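Student: I have a new model open on my screen. Could you walk me through how to read a few of its features?

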Amino acid sequence: MFVINCPYCGERDQSEFSCGGEAHIVRPKQPTELSDDEWAEYLFMRKNIKGVQFERWNHAHGCRKWFNMVRDTSNDKIHAVYKMGEKPPVI
Amino acid sequence: MTKYRINKTRFVDQTKTVSFTFDGKKYHGFEGDTLASALLSNGIHLIGRSFKYHRPRGIMSCGSEEPNAICQINDNTDLTEPNVRATEIELYEGLKASSQNCWPSLNFDIGGINNLISPFIPAGFYYKTFMWPKSFWKKIYEPLIRLSAGLGKSPTQPDPDIYDHKHEHCDVLVIGGGISGIISAKIAAKNNLKTILIEDKNILGGSTIYQNNKNFIIDNQKSNEWLMNEISELEKLDNLIIKTRTSLAAFHSYNYLLAKENISDHLPIDKKNGSIRQRLWKIRADKVIVAAGAIERPLIFNNNDRPGIILANSVKKYLDFYGVSTGLNNIIFTNNDSAYETAVSLFEKGISVKIVDIRKKSSSNIVKNAEDQGIKIYWNSTVVNTFGYKKIKSIEIMNLSEDGSNVTGNKHKIQCDCLSISGGWTPMVHMHTQSGGKLDFREIDQVFVPTEKSENHINVGSCNGDFELEEIVKNTNNKVKKFLNINEGGFDKISVLCSKESEKKNIWLLPNTISESKTKSFIDFQNDSTAKDIKLALREGFKSIEHVKRYTTTGMATDQGKLSNMHALGIIADTAGVKMGTLGTTTFRPPFTPLTFGAIVGRSVGKFFDIVRKTSIHEWHVQNNAKFENVGQWKRPWYYPINNENLHEAVQRESKAARDSAGILDASTLGKIDIQGSDASEFLNRVYTNAWSKLGIGKCRYGLMLNEDGMVYDDGVTTRLGENHYLMTTTTGGAANVLSKLEDYLQTEWPELDVYLTSVTDHYSTASICGPNSKKILKKLFPNKDFSDEAFPHMSYQDAMIDKIECRIMRISFTGELSYEINVESKYGKSLWENCIVAGEEYKITPYGTETMHLLRAEKGFIIVGQDTDGTMTPIDLQMDWIVSKKKYDFIGKRSLYRSDTMREDRKQLVGLLTDDPNEILEEGAQIVSELDKKPVEMIGHVTSSYFSPNLNKSIALAVVKGGKKMNGQKLIVPMENKNINVTVSDFIFLDKENKRINA
Ligand SMILES: [Zn+2]
């Protein structure tokens, strides 16, 4: 069980958070102009990396804010947390 | 004193007698005893029968590694507990213990016949044997396996004990109260760090506390005396919490640890009453120091499992800690120096002892000490057999060949009543690996030791592979100083003298003259797996340690292979001719020792198991005989039986009343989200499939919400309260998820929108009145209000007052009837409801529950998300094309509606079904087929909702059927277990297709 440093509340137990999967997948602005394959790429395709992964997390039982997190899935080390809209750090 | 209680110690109070029973017979022990030490003091070694061969088994150790001495405690009571290790349970007055795994009795056991036929029960026996004939399974094999499977008996009554959970935070957590743990805790606490020290035994000190030997001296004192002083100093430290009887269960990432404290297990039954039995500590520690110690290894030789064969250090603990001799004529069989401490201790108390050592010599101080005292040592020898059925009587030894791979010379028989064995020590690396740490294999003494990588935990003492007293003390001091960034350790100038081991030799499977197939060299004592089984698994092609483990069940018993895993690995490595370090180990999973379910669950039992949500009108429902249904965490009235009506009868009456006169439903549980902000209309445009910008203030609209994949997610009516203010309703079960989804889009995709969401589900209570007389009832409730269709049309909302209570009235309908929903602040909910009941009395207003609501909406063909949909239905599949805006550029899920897959015409689509026999009611979930002759029969759909409609006087059903849209009038079949039901596809709106009733 990790300790996650919510960018709004500070360090809290993992049980207060929920994970929202891969980060930085932007919803297409003009979905109707995409082919089936392009839309499917956005809709279904997600990475599942053993190693450093960029993830969306939500402080569900706290401030309810979404934010991004860089986590190494092989050892659960959290390299960075940053707010939505901020540039991802270089890891 | 009994014959075997030969020593007085400070740990057992021999003035305080404690009586207990074992297998119904009464015995005495003393305060401070464990069940095992008390039994041994009475000369009892035979405790149980082994799992597979039912061989007699005795106490083998003195701790949590015990494989044999497991008992049923307090049998035939609601406090009974199986698989309790006799070596761990502290003796208390009135304790009742009994042996397990034997029938009809411990001394005469019929299962023992398995021992005689054991050549026929090799590894994988069950996998290989019970394969055929198939017909034997149900009547012969399964009952046979069930009869012999399992250890002990489960209690049949609910657990009467109280269990607790507690969260704790600290700077330093020290696991293990032996010498290295005590040194660590003292350094940490003396340096102003909030420290917790946990120890699974009832007192601190580990094995050093009874190390009463002149070869082990710390600061000019015997090591046990020195440690005793340290402990009394430790107890004076302010910022140190010492938790004894507390064992670590799990070590998770980020230093999150679970520890179980036994609070009243050791108390007599009459003193336990009312107190908490066990507490699970959830500890978040900044730094963790693991000082978990090591476990002594057995030696693997033929018939190494007889009662009276005990680990050497355990023999020493029984003697020097509990004052009990495990035998009066001892032999020690060892491959290392540590067992010599046991020999010297026995000798000094005048007990006969001889030593068999597989090494050729050893010149350490402790060995010299034994030789000087004249203890007979058989060097370069091994035990090849043991004798004695219920207790060891004698052994046979032989010389080892030069390289140790064989035996030579003649067999030599020696009498004994106890055989102490020592195969060296295994560091307890479980905690380290549970936390994600890795291991290195150390060739010289064949142990896995932790690889230090973590910044947040270290291992000290023998769990780190430091076995000699001097290195334990000095390394612990230095490592802890560095780990905690401290300059003065407090043990920097300590002087330690100790015997040092000069010769090391290890043979995983000791050689014998007889062929392996005829020996019983046990590796896993509890699961009865032998060296032969492991070799068979290898011959049959298993290579991975994880596979060999599962095939032979080695290490899979309640002791989790604490004694067996290393030998299994060693024998695999030797047989396969590979280096042991390359094999890796099996995974060490939590918990370290079994946890009770009570400790895991804590206080979350009974009414605390889950949250129960009740509406403010709940009490009225209870008083009016409602039967309740769980909807998520909500209790919703299901139906209101009168005069012993069953569900069907009550629902028929309620449904009829709602359509003929008036019905009232508690709709408070529907999810409600308050939406405000200048972009609220735009936001709704994006999350619903239909258009919202032009909805007038004071109007209501039904909305369908999709997932991005185009599948229906939720639905509900949203009301425009003001220019920038909406009230959205969701399904009861979907409320929390809908709010989360909306927040997600607002925060991550459309942060530029000016919209604010507030969950107000609990803020309002809702009474929904429907039926042709509903308008008359509303007029009585709100005499000043104009309820004409012109002033208050369908799908609109108005504010109103009952006395001083503000009400929001929505004219919306989920039943197809003329219908009003009155919302008030929750605290007025019950009062509003009672007003409605009084006002409706003259129209026989009938309260109805969820079942009637479901029936009424099904008559109208309204879907329930989650019942008629399952996450694979698009609005097009539901024939709800009318609600999908063609004009809007985008909304959540829109693009997916044009994917080739979602546009397939043979997707499952919503239809109505009418049974050919109007009295036949279909089962919800039943499968639908179009023909039965073509095999395999193709399932083309299933029934989603089914009722007998009293208003139509026939059975109706909703279903999803492949290509159903174009099947109107077609005959289909619903095959059931005993019959095939013929049905016809119909329109799914069964009643009032023209929508006349909402304006009735
Ligand atoms: Zn937060």
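Tutor: Gladly! Let's begin with the metal site: A:Cys6 (SG), A:Cys9 (SG), A:His59 (ND1) and A:Cys63 (SG) are the protein donors of the zinc ion, at 2.0 to 2.3 Å from it. Donors are N, O and S atoms within 2.8 Å of the metal (3.2 Å for Na, K and Ca), and sites may look incomplete because water is not among the atoms. Please keep in mind that this is a predicted model: local features need pLDDT of at least 70, side-chain atom pairs count only at pLDDT 80 or more, and totals for chains, interfaces and linings use all residues. Residues are numbered from 1 along each chain as its sequence is written, chains are lettered from A and ligands numbered from 1 in the order in which they are written, and side-chain values use heavy atoms, leaving out hydrogens and water.

Student: Which arrangement do the 4 donor atoms around the zinc ion make?

Tutor: Ideal angles for four tetrahedral donors are 109.5 degrees. Four donors count as tetrahedral if all angles lie between 85 and 135 degrees. Around this zinc ion the angles are 105 to 113 degrees, so the arrangement is tetrahedral.

Student: How are the donor residues of the zinc ion spaced in sequence?

Tutor: Their spacing is C-x2-C-x49-H-x3-C. Distant parts of the chain are linked by a pair 50 residues apart: A:Cys9 in the loop between β1 (3-6) and β2 (10-13), and A:His59 in the loop between β4 (52-58) and β5 (66-72) of chain A. Strands are DSSP runs (E, at least two residues), numbered from the N terminus.

Student: Is A:His59 buried or exposed?

Tutor: Buried means under 20% relative accessible area, exposed over 50%, and partly exposed in between (1.4 Å probe, protein chains only). A:His59 is buried because its relative accessible area is 1%, whereas A:Cys9, at 27%, is partly exposed.

Student: What describes a pair of aromatic rings?

Tutor: The distance of the centres and the angle of the planes. Rings of Phe, Tyr and Trp (its six-membered ring) pair if their centres lie within 6.5 Å; planes under 30 degrees apart count as stacked, over 60 as edge-to-face and the rest as tilted. The structure holds 28 aromatic pairs over all chains. One of them, B:Phe321 with B:Tyr322, is edge-to-face, at 4.8 Å centre to centre and 70 degrees between the planes. B:Phe321 is buried at 6% relative accessible area, and B:Tyr322 is buried at 4%.

Methods. Tetrahedral: all angles 85-135°; square planar, octahedral: opposite > 155°, others 65-115°. Helix = DSSP H or I, 4+ residues; strand = E, 2+ residues; numbered from the N terminus.
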